[in-house]
Amino acid sequence: MQSFLRQRREALQFEAVRDPRQRRGRRWSARTLLATTVTALLMQARSLRAAERLSEDLAGGRLQGLVRRVPDSTLGDFLAEVSPGQVRRHVRAHILAEHRRKALEPTVLPHPRHRRGR
């Protein structure tokens, strides 16, 4: 997982996503919260609590900007406010980049007309 994250570091860069929170009281950057969320999804975390535990394991330099455990309530509050359209555009751009690199494996069966050997 570490080598995958190093190779695809740009997928965890969320500068284009606007932070919807007030400036006052921010303890976490939007970029760190989104990177933590995407990493938790990649690691198949099934809940915000699992994402919190994962952030505790990754704290200390393995994930850029993550210096300590991210509380599940902080992640939940942030994700409820962030614009899904901005995140969707970012993730879509990186999925297309992975497709161009031929780094994605097909997850569906080919259509019968497109099978080889017929």
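On a 1 Å grid over the protein atoms alone, a pocket is an open set of points where a 1.4 Å probe fits, with protein on both sides within 12 Å along at least five of seven lines; lining residues have an atom within 4 Å of a point. The model is predicted, so local features need pLDDT of at least 70 and side-chain atom pairs count only at pLDDT 80 or more, while totals for chains, interfaces and linings use all residues. Residues are numbered from 1 along each chain as its sequence is written, and side-chain values use heavy atoms, with hydrogens and water left out.

The second largest pocket is lined by Arg21, Gly25, Arg26, Arg27, Trp28, Leu33, Arg68, Pro71, Thr74, Asp77, Phe78 and Glu81. Helix α4 (residues 72-81) gives the largest share of that lining, four residues; helices are DSSP runs (H or I, at least four residues) numbered from the N terminus.

Leu33, one of the lining residues, is also among the buried residues of α2, which include Ala30, Thr32, Leu34 and Ala35. Buried means under 20% relative accessible area, exposed over 50%, and partly exposed in between (1.4 Å probe, protein chains only).

After α2 comes glutamine 44, in the loop between α2 and α3 (48-58). Glutamine 44 counts as exposed because its relative accessibility is 66%.

Further along, isoleucine 95 lies in helix α5 (residues 84-100). Isoleucine 95 counts as partly exposed because its relative accessibility is 48%.

Definitions and conventions. Helix = DSSP H or I, 4+ residues; strand = E, 2+ residues; numbered from the N terminus.
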